[in-house]
2 protein chains.
Amino acid sequence: MKALQKRIGITQDALAQSLTERFIFGEEALDGLMPSTRILAEEYGVSRLFLREVLAGLQRQGLIETFPGKGVYVRKPSMLNAARNVHTTIRQSTATARDLIEARGNLEEQCAALAAERATTEDIAQMEFALKALDNANGLIPMAQADIAFHSLLAKSTHNPVLQIMFGSITTLAFDTMLRSLSDPEIYKEGAPLHYTILKAVKNRDGLAARKAMSKHIHLAEYSYKNDLDRELREIAERIVKDVLQSTSSIEEILSSALKEYSVDLGQS
Amino acid sequence: MKALQKRIGITQDALAQSLTERFIFGEEALDGLMPSTRILAEEYGVSRLFLREVLAGLQRQGLIETFPGKGVYVRKPSMLNAARNVHTTIRQSTATARDLIEARGNLEEQCAALAAERATTEDIAQMEFALKALDNANGLIPMAQADIAFHSLLAKSTHNPVLQIMFGSITTLAFDTMLRSLSDPEIYKEGAPLHYTILKAVKNRDGLAARKAMSKHIHLAEYSYKNDLDRELREIAERIVKDVLQSTSSIEEILSSALKEYSVDLGQS
DNA sequence: CACCAACACCTATCTGACAAGTCAGATAGG
DNA sequence: CCTATCTGACTTGTCAGATAGGTGTTGGTG
């Protein structure tokens with residue numbers, strides 16, 4: 001590690017930090033367009049490829065976005081994007097569905113309670129829209145999309161960016177398990193009305209009721225999962241991909257298109 | 001986007017997925033050493049550069065680790081590493097200290113309660129070690145290191161990987177605020193004994209007591225922060241870096257060395 | 001047996017080049 | 001004068017080949 005630093009004048013990390021300070025936090029690139037890679041590379045005295053790798057890192061963090069033929073644009077931070085790496089790690093870990101439900105329950109209960117205090121009329125309207133879409137949805141995937149949108153909007157309604165990030169980091173996993181839960185009609189029949197209970201409590205500014213309804217809603221999965229409860233999330237996700245998606249498109253694409261459609265703009269609060 | 005896919009036979013994402021399935025989830029590379037970049041590039045019919053960028057992506061996700069002169073090694077996933085990108089995004093967002101305390105409080109209360117149920121004797125011994133180190137610590141940084149180690153060990157004691165990841169994603173931010181809190185002797189005098197209260201409750205398997213003590217401990221910061229409470233975390237972090245660190249080394253280095261020292265191996269649970 | 005030097009690998013990086021997308025401005029045709 | 005088209009100068013993405021520097025092994029020498 002140290003040897004690499006000796007060889008060239010600047011590390012990738014150092015360059016990345018310098019660039020973020022200059023273009024993301026700093027006031028340069030006000031229109032959002034950064035100088036071209038050639039210019040930047042020359043300016044810092046590194047090769048274009050080296051700079052490219054640094055930019056790739058920033059892109060993976062969601063700080064910038066590159067367009068072939070156009071240039072590199074500074075991007076408004078997106079909570080969802082930042083959390084993207086996290087769930088791949090969870091999928092690798094030994095985390096089980098039970099672990100996820102436990103963590104998610106606590107988090108979402110807090111979100112429900114805080115949303116009851118803070119949700120704006122616009123927040124509520126968005127959540128109502130998502131629930132109506134869930135009722136009228138045709139097919140498993142549209143249902144799950146509306147479902148995850150509702151929960152994400154609830155997290156957004158807390159107006160706490162940290163909570164939004166935390167929920168964002170498990171959104172994909174929650175989506176996996178929703179796909180599994182919704183495929184069971186009985187579970188759906190029991191769980192769906194609770195959405196309205198939650199929303200009603202939020203409207204009434206009744207944090208405690210919202211929390212209770214959410215708790216009930218999340219923990220329904222504990223009964224429905226049975227044997228899968230202590231199975232690793234990875235296996236569940238794999239099965240879902242095979243059974244439901246049939247490799248038409250990736251889970252992440254479906255998820256992010258849903259969040260776009262329901263204008264869940266996690267971040268930029 | 002589509003144009004790029006047309007040009008070459010395989011996307012970066014597709015190759016990344018193929019590689020992970022083969023070497024991370026799959027059984028190849030049992031010793032942890034992957035084939036060299038030359039071989040892999042030839043095998044997939046892509047250039048070394050292209051493969052390199054894919055590997056760089058995997059490395060950023062903490063899936064692999066490259067050693068110059070040795071090769072590319074498959075790496076056991078580290079929860080802390082996976083969450084690294086998240087806090088840079090939080091720092092960019094408009095999140096305030098109040099937001100962090102709110103989210104962290106709820107999360108850590110749950111961790112304390114669950115740790116009381118599940119902590120092993122080894123977990124408890126590690127936490128005791130960290131607390132003793134905190135008492136004997138000399139200087140702000142060693143104190144904060146012991147402090148964050150204790151809280152991380154508590155999260156580890158839940159034996160829930162998802163909770164560990166969630167806590168990992170805000171560890172850096174918590175560390176920032178600890179550095180600020182510990183610099184105030186009065187706050188420290190009030191907050192430090194609560195650590196022992198928490199640990200005692202964990203030992204007694206008293207989840208409720210552990211939760212209460214943790215709640216009190218976290219929310220102490222609300223009094224100490226005063227004007228800073230609604231200031232953005234970014235500013236606080238910047239000030240800390242300037243005042244405390246004086247650019248000797250980065251916050252992340254200090255933090256990760258602490259977690260290593262106290263053998264907080266978030267992940268691989 | 002101990003040592004060490006040459007060698008064969010590895011990754012990291014640089015150079016120079018070309019393909020392909022994008023956009024503004026010149027230019028030709030109406 | 002207006003409009004449609006085309007050219008050229010940008011941009012990123014990718015490539016092959018060469019070099020630098022680290023690491024481990026192997027075989028020869030003392």
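Me: How far does a polar side-chain atom of B:T37 lie from a phosphate oxygen of DNA strand C?
Reply: This is a predicted model in which local features need pLDDT of at least 70 and side-chain atom pairs count only at pLDDT 80 or more, while totals for chains, interfaces and linings use all residues; side-chain values use heavy atoms, leaving out hydrogens and water. Residues are numbered from 1 along each chain as its sequence is written, and chains are lettered from A and ligands numbered from 1 in the order in which they are written. A polar contact is a pair of N or O atoms within 3.5 Å. For B:T37 and the phosphate oxygen of DNA strand C, the distance is 2.9 Å.

Me: Which residue has a side-chain N or O atom 2.6 Å from a phosphate oxygen of DNA strand C?
Reply: The side chain of B:S36 has an N or O atom 3.2 Å from a phosphate oxygen of DNA strand C. The distance of 2.6 Å belongs to the side chain of A:S47.

Me: How many residues surround DNA strand C?
Reply: A residue is near a strand if one of its heavy atoms lies within 4 Å of it. The closest to DNA strand C are A:S47, A:F50, B:R38, B:R52 and B:T66. The total surrounding DNA strand C is 24.

Me: Which helix supplies the largest share of the surface near DNA strand C?
Reply: Helices (H or I, at least four residues) and strands (E, at least two) are DSSP runs, numbered from the N terminus. Among the elements of chain B that each supply at least two residues is strand 1 (64-67). The largest share, three residues, comes from helix 4 of chain A.

Me: Which residue has a polar side-chain atom 3.0 Å from a base nitrogen of DNA strand D?
Reply: A polar backbone atom of A:G69 is 3.4 Å from a base oxygen of DNA strand D. The side chain with an atom 3.0 Å from a base nitrogen of DNA strand D is that of B:R48.

Me: Is helix 8 of chain B roughly parallel or antiparallel to helix 9 of chain B?
Reply: Axes are lines fitted to C-alpha atoms, for helices over the stretch in contact (heavy atoms within 4.5 Å), and angles run from 0 to 180 degrees between N-to-C directions. Angles under 35 degrees count as roughly parallel, over 145 as roughly antiparallel, 65 to 115 as roughly perpendicular and the rest as oblique. Helix 8 (residues 121-136) and helix 9 (residues 140-156) of chain B pack at about 165 degrees, with axes 8 Å apart. Therefore helix 8 of chain B and helix 9 of chain B are roughly antiparallel.

Conventions
A polar contact is a pair of N or O atoms within 3.5 Å; within protein, one must be able to donate a hydrogen and the other to accept it, and residues adjacent in sequence count only if both atoms are side-chain atoms.
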